[in-house]
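Please keep the sequence and the structure at hand while reading.

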Amino acid sequence: MFKTSLFRKWYDREMLPSCSVCQQSFEPEPGFYFGAMFVSYGFSVAITFVVGFVLFNFFGDPESWVYITVLGIVIALVWPIMYRYSRGIFLHVFGGIRFDSKYINE
């Protein structure tokens, strides 16, 4: 879906216009990926709960500034992953992509 690998250029957000194998458009309509913000929000909420649980249970309920600092660092580190996965998930759920077995071995 993206022009470069996450492991080569993690900051590159440029998407391909369509799939090179099946020619499926990666942007079904203008502004389609605004809905991916809700998927990203779900990821952020899940990360917030996990970080809060770990800090509370394993580090003895530190002060509020520790929660905010650690959460900010964790979200900043996983943001490129959340960005790509939220777009991919949103495209597969709401983009009308259908599985076709003829592309399985290509």
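How many helices and how many strands make up the secondary structure of the protein? In this predicted model, the secondary structure comes to two helices and zero strands. The protein has 106 residues, of which 25% are buried, and it exposes about 7,900 Å², with carbon and sulfur atoms supplying 65% of that area. When contacts between residues at least 6 apart in sequence are considered, 60% of them join residues at least 24 apart.

**Helix 1 and its buried residues**

Helix 1 covers residues 36-58; its 23 residues reach 33 Å from the first C-alpha to the last, which is close to the 33 Å expected at 1.5 Å a residue. The buried residues of this helix are A36, S40, S44, I47, V51 and L55, and they pack against helix 2, which spans 64-94. An α-helix has 3.6 residues a turn, so residues three or four places apart point the same way.

One of these buried residues is S40, which counts as buried because its relative accessibility is 18%, below the cut-off of 20%. Setting aside residues up to four places away in sequence, S40 touches M82 and S86.

**The nonpolar core**

Which residues form the largest nonpolar core? This core has 10 residues, namely F2, M15, C19, F26, F32, Y33, A36, Y83, F90 and L91, and its largest share, three residues, comes from helix 2. In soluble globular proteins, nonpolar side chains tend to be buried together.

**A nonpolar patch on the surface**

A nonpolar surface patch of about 550 Å² is made by V50, F53, V54, F58 and F59. Of these residues, V50 lies in helix 1 and counts as exposed because its relative accessibility is 52%, the cut-off for that class being over 50%.

F56 has its place in helix 1 and is partly exposed, with a relative accessible area of 46%. Leaving aside neighbours within four places in sequence, F56 is in contact with D61 and Y67; F56 and Y67 are 11 residues apart in sequence, and their C-alpha atoms are 9.1 Å apart in space.

Just after helix 1, G60 takes a positive phi of about 70°. D61, in the loop between helix 1 and helix 2, has a positive phi of about 50° although it is not a glycine. Is D61 buried, partly exposed or exposed? D61 is partly exposed, because its relative accessible area is 41%, which falls between the cut-offs of 20% and 50%.

The table sets out the accessibility of the individual residues discussed above.

| Residue | Relative accessible area | Class |
|---|---|---|
| S40 | 18% | buried |
| D61 | 41% | partly exposed |
| F56 | 46% | partly exposed |
| V50 | 52% | exposed |

Technical notes. Residues numbered from 1 in each chain as written. Predicted model: local features only at pLDDT ≥ 70, side-chain atom pairs only at ≥ 80, totals over all residues. Heavy atoms only, no water. Helix = DSSP H or I, 4+ residues; strand = E, 2+ residues; numbered from the N terminus. Buried < 20%, exposed > 50% of the residue type's maximum accessible area, 1.4 Å probe, protein only. Contact = heavy atoms within 4.5 Å. Areas by Shrake-Rupley, 256 points an atom, 1.4 Å probe, with all protein chains shown as cover. Core = buried A, V, L, I, M, F, W, Y, C linked by side-chain atoms within 4.5 Å. Expected span 1.5 Å × (residues − 1). Patch = residues over 30% accessible without salt bridge, like charges linked within 9 Å, V, L, I, M, F, W, Y side chains within 5 Å. Salt bridge = Lys/Arg side-chain N within 4 Å of Asp/Glu carboxyl O.
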